[in-house]
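The exercises below are meant to be worked through with the sequence and the coordinates at hand.

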Amino acid sequence: HGLRVFLVNLEEKSTEALSFVEHFNYRSTVLLDSQGEVAKKFHIMGIPASLLLDKTGKIVFRSNGSVNWKSAKMDVLLNQLLNEE
């Protein structure tokens, strides 16, 4: 459907990030933000933070803290994004 998921590791060593990803068996692409540039660009004030961007790159959802990705609200939002023209 064109959905891409990226995990951003903020200001940690690559070895620590890799260990975390392997421990939790994540399969998404992990971006290392060792200088905090991604956090600055997207105004991330704490972690975890979740952002959903539409096909144009506009932020359509932002959350600081955990997100229930299986909730009805997220299901509707994700389906709207996946069905964009």
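**Exercise 1. Ring pairs**

How many aromatic pairs does the count come to, if rings of Phe, Tyr and Trp (its six-membered ring) pair when their centres lie within 6.5 Å, with planes under 30 degrees apart called stacked, over 60 edge-to-face and the rest tilted?

Solution. By this rule the count comes to four aromatic pairs. One of them joins Phe20 and Phe24, whose ring centres are 4.8 Å apart and whose planes stand at 50°, so the pair is tilted. As to sequence, Phe20 and Phe24 are four residues apart in helix 1 and are therefore separated by about one helical turn, where helices (H or I, at least four residues) and strands (E, at least two) are DSSP runs numbered from the N terminus. The next step is accessibility, for which buried means under 20% relative accessible area, exposed over 50%, and partly exposed in between (1.4 Å probe, protein chains only). Phe20 is partly exposed at 44%, and Phe24 is partly exposed at 46%. A further pair is formed by Phe20 and Tyr26, with ring centres 6.0 Å apart and planes at 35°, so that this pair is tilted. Tyr26, at 40% relative accessible area, is partly exposed.

Before continuing, note the conventions: the model is predicted, local features need pLDDT of at least 70, side-chain atom pairs count only at pLDDT 80 or more, and totals for chains, interfaces and linings use all residues. Residues are numbered from 1 along each chain as its sequence is written, and side-chain values use heavy atoms, with hydrogens and water left out.

**Exercise 2. Chain layout**

Describe the order of elements in the protein chain, and state how its first part is arranged.

Solution. The protein chain has three helices and four strands, and along the sequence these follow the pattern β-α-β-α-β-β-α. The C-alpha atoms fill a box of roughly 40 × 25 × 20 Å, taken along the principal axes, and of the 85 residues, 21% are buried. Strand 1 (6-10) and strand 2 (29-33) pair in the parallel sense over five bridges, pairing being assigned if DSSP finds at least two bridges between two strands. Within this pairing, Asn9 stands opposite Leu32 in strand 2. Together with helix 1, strand 1 and strand 2 make a right-handed β-α-β unit; right-handed here means that, with the strands pointing away from the viewer, the path from the first strand over the helix to the second runs clockwise. Ser14, which is in helix 1, is 17 residues from Leu31 in sequence and 9.6 Å from Leu31 in space, C-alpha to C-alpha.

**Exercise 3. Backbone exceptions**

Locate the cis peptide bond and examine the positive phi values.

Solution. The cis peptide bond joins Ile47 and Pro48, with omega about 0°, and Pro48 is placed in the loop between helix 2 (37-41) and strand 3 (49-53). A positive phi near 55° is found for Glu11, a residue other than glycine; Glu11 is in the loop between strand 1 and helix 1 (14-24) and is exposed at 53% relative accessible area. Phi is likewise near 55° in Asn25, which lies in the loop between helix 1 and strand 2 and is partly exposed at 48%.

**Exercise 4. The hairpin**

Which residues form the covered face of strand 3, and which the uncovered one?

Solution. In a regular strand the side chains alternate between the two faces of the sheet. For strand 3, Ser50 and Leu52 make up the covered face, while Ala49, Leu51 and Leu53 make up the uncovered one. Strand 3 pairs with strand 4 (residues 59-64) in the antiparallel sense over five bridges, and Leu53 stands opposite Ile59 in strand 4. The hairpin of these two strands has five residues between them, and there Gly57 takes a positive phi near 95°.
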